[in-house]
Amino acid sequence: MRNYFFVAFLVLTLEIYLSKGFWIDPGYGKTYVVVWNELEGGQELKLHCKSGDDDLGLRVLKPDNGFKWTFRPNFWHTTQFYCTMQWGDGKIHRFDIYIWKRDYERCGHCQWIVKESGPCFFDLAAHAYDICYGWKP
């Protein structure tokens, strides 16, 4: 009888653990990413974001509009989303919008603006989009 209660306790604990997503994502919860179009001159931004598992499709963002998605980082801490972006002259720009090693500690809500010079990350401490990157070659 004692073993029955112990096994039942373990099964119940495991069920709660799995239902909360801890098995997939131990301790990190959902991550939110928003990408805003802040291109100069009122240009539309064509945005296509993907990971190794998900293709979020092509989005066309009007000026001052954004695209938001959520996900749970994987168990192996290798989650990475990259985006290709295009506007005006048609040149394609690429940037890794989420890299677990770079971003897991600094954002659960990752906010980016896209400028012609590159994407800029919203720094909560400074309350500004002041962490800017160049485009990947």
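A disulfide is a pair of cysteine sulfur atoms within 2.5 Å. The close-ups below come from a predicted model, and a search of the whole structure finds three such links.

**View 1. The disulfide between C49 and C83 bridges two strands.** In this close-up, C49 and C83 are joined with their sulfurs 2.0 Å apart. The link connects distant parts of the chain, with C49 in strand β2 (residues 45–51) and C83 in strand β5, 34 residues apart. The torsion about the S-S bond is about 105 degrees, so this disulfide is right-handed. Are its two cysteines buried or exposed? Both C49 and C83 are buried.

**View 2. An open sheet holds four strands, among them β2 and β5.** Follow the strands across and you meet them in the order β3-β2-β5-β6, paired antiparallel. At the edges stand β3 (55–61) and β6 (92–99); each has a single partner strand, so one side of each is left without a neighbour in the sheet. From one strand to the next, the twist averages 20 degrees.

**View 3. Strands β5 and β6 lie side by side.** Here we look at the pairing of β5 (residues 80–86) with β6, which is antiparallel and runs over seven bridges. Which residue of β6 is the bridge partner of C83? That partner is F95. C83 therefore takes part in two kinds of contact, a bridge to F95 and a disulfide to C49.

**View 4. Strand β7 pairs with β1 and with β8.** On one hand, β7 (residues 109–115) runs parallel to β1 (residues 31–37), and six bridges join the two. On the other hand, β7 and β8 run antiparallel and share four bridges. W112 is a handy landmark in β7: V35 stands opposite W112, and in β8 the bridge partner of W112 is F121. How many residues lie between β7 and β8 in their hairpin? There are two residues between them.

**View 5. C107 and C110 form a disulfide.** The sulfur atoms of this pair are 1.8 Å apart. With a torsion of about 65 degrees about the S-S bond, the link counts as right-handed. Both C107 and C110 are buried.

**View 6. The disulfide of C120 and C132 ties β8 to β9.** Its sulfur atoms are 2.0 Å apart, and with 105 degrees about the S-S bond the link is right-handed. C120 lies in strand β8 (residues 118–123) and C132 in strand β9 (residues 128–132), so the pair ties together parts that are twelve residues apart in sequence. What is the relative accessibility of C120? It is 2%, so C120 counts as buried, because the cut-off for buried is under 20%. C132, at 46%, counts as partly exposed, a class that lies between 20% and 50%.

View 7. With bonded cysteines counted along the chain, the links follow the pattern 1-2, 3-4, 5-6. The pairs to look for are C49 with C83, C107 with C110, and C120 with C132.

Methods:
Residues numbered from 1 in each chain as written. Predicted model: local features only at pLDDT ≥ 70, side-chain atom pairs only at ≥ 80, totals over all residues. Heavy atoms only, no water. Pairing = 2+ DSSP bridges. Axes fitted to C-alpha atoms, helices over the stretch in contact; angles between N-to-C directions. Buried < 20%, exposed > 50% of the residue type's maximum accessible area, 1.4 Å probe, protein only.
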